Amino acid sequence: NFMNNLTKPDLKKNKKEIVFISNFSTKDRNINKSENEDSIAHFLLEIATKNKIKFNILPRFRTRTKELLEEKKFYKKTLKKNFKFILNKNKSSYDLLLDYKYIFSSYSSLAQECLVKGIRVGFVCFKSKKNPVSNLRFGEFEKLKKNGIFWTYSNKLNFKETNRVFNFVTKTKDDIWVKKTQPYSKKIMAFDYKNKIFNEIIKKI
């Protein structure tokens with residue numbers, strides 16, 4: 001992703017807070033992307049609260065007022081008022097996420113792009129077998145196992161697995177995180193800062 005390659009996070013300055021990337025979808029859509037998104041967020045909020053870490057949600061419809069209201073209602077039913085929506089419209093989603101230390105998502109190319117930049121990312125995906133978005137879970141295209149050190153996938157809700165992924169993402173030492181996650185992030189996506197490799201190829205043409 002050329003846009004992703006243009007920015008690089010200052011990992012030492014990142015806020016030690018959780019951001020959950022929402023995959024909320026409105027009811028008029030044919031695909032239920034929202035399935036279990038509120039439950040996953042609730043699990044993460046509960047664990048974050050126990051660990052005294054602030055919990056935020058990056059809404060999918062941050063720039064669309066009508067859909068954003070629906071999205072807020074969706075999460076408020078389960079989470080009440082114990083979360084914050086990141087609503088800054090002056091920055092791209094890419095730039096907003098670069099400010100945070102811990103990112104979680106059920107499935108998201110944006111989360112994968114954060115992972116390859118060295119940001120700590122956890123994937124918690126609980127979707128029914130009939131839901132077509134289950135094929136978008138982390139590692140599906142690379143034929144990775146359904147459960148790994150920083151990801152989990154199941155057709156049923158699983159608090160224990162959520163807790164396991166959360167602990168690895170937030171408590172692993174920096175050198176161990178890099179050592180354990182790099183082999184997977186390289187399989188998922190290459191990070192070419194400022195597109196240097198691409199630009200060198202263009203120069204030779």
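**Helix H2**

I started with H2 (residues 37–50) and asked how many of its 14 residues are buried. Ten of the 14 are, so H2 is largely enclosed by the rest of the structure. Buried here means under 20% relative accessible area, exposed means over 50%, and partly exposed is in between, with a 1.4 Å probe and protein chains only. Helices (H or I, at least four residues) and strands (E, at least two) are DSSP runs, numbered from the N terminus.

Before going on, I noted that this is a predicted model: local features need pLDDT of at least 70, side-chain atom pairs count only at pLDDT 80 or more, and totals for chains, interfaces and linings use all residues. Residues are numbered from 1 along each chain as its sequence is written, and side-chain values use heavy atoms, with hydrogens and water left out.

I listed the buried residues of H2: Glu37, Asp38, Ser39, Ile40, Ala41, Phe43, Leu44, Leu45, Ile47 and Ala48. What do they pack against? I found E1, strand E2 (55–58), helix H3 (65–79), strand E4 (100–105), E5 and H6, with contact taken as heavy atoms within 4.5 Å.

I also checked the length of H2. The expected span is 1.5 Å times one less than the number of residues. That gives 20 Å for the 14 residues of H2, and its end C-alpha atoms are 20 Å apart, which agrees.

**Positive phi angles**

Next I looked at the backbone around H2. Most residues other than glycine have a negative phi. Asn36, not a glycine, has a positive phi of about 65°. I placed Asn36 in the loop between strand E1 (15–21) and H2, and Asn36 counts as buried because its relative accessibility is 18%. After H2 comes Lys52, whose phi is also positive, near 55°.

Lys143 is another non-glycine with a positive phi, about 60°. I found Lys143 in the loop between E5 and E6. Is Lys143 buried or exposed? Its relative accessible area is 76%, so Lys143 is exposed.

**Salt bridges**

I searched the whole structure and got six salt bridges, each needing a side-chain nitrogen of Lys or Arg within 4 Å of a carboxyl oxygen of Asp or Glu. I wrote up three of them, as follows.

Lys127 pairs with Glu37, with the closest N and O atoms 3.0 Å apart. The two sit in distant parts of the chain, 90 residues apart: Lys127 is in the loop between strand E5 (120–126) and strand E6 (147–148), Glu37 in H2. Both Lys127 and Glu37 are buried.

Arg120 and Asp174 meet at 2.7 Å, N to O. This pair also links distant parts of the chain, Arg120 in E5 and Asp174 in helix H7 (residues 174–188), 54 residues apart. Arg120 counts as buried at 5% relative accessibility, whereas Asp174 counts as exposed at 52%.

Glu161 bridges to Arg164, closest N and O atoms 2.8 Å apart. They are three residues apart in helix H6 (residues 159–171), so about one helical turn separates them. Glu161 is buried at 17% relative accessibility, and Arg164 is partly exposed at 30%.

**Cysteines**

Last, I looked for disulfides, meaning pairs of cysteine sulfur atoms within 2.5 Å. I got zero. I looked up two cysteines anyway: Cys114 is buried at 4% relative accessibility, and Cys125 is buried at 1%.
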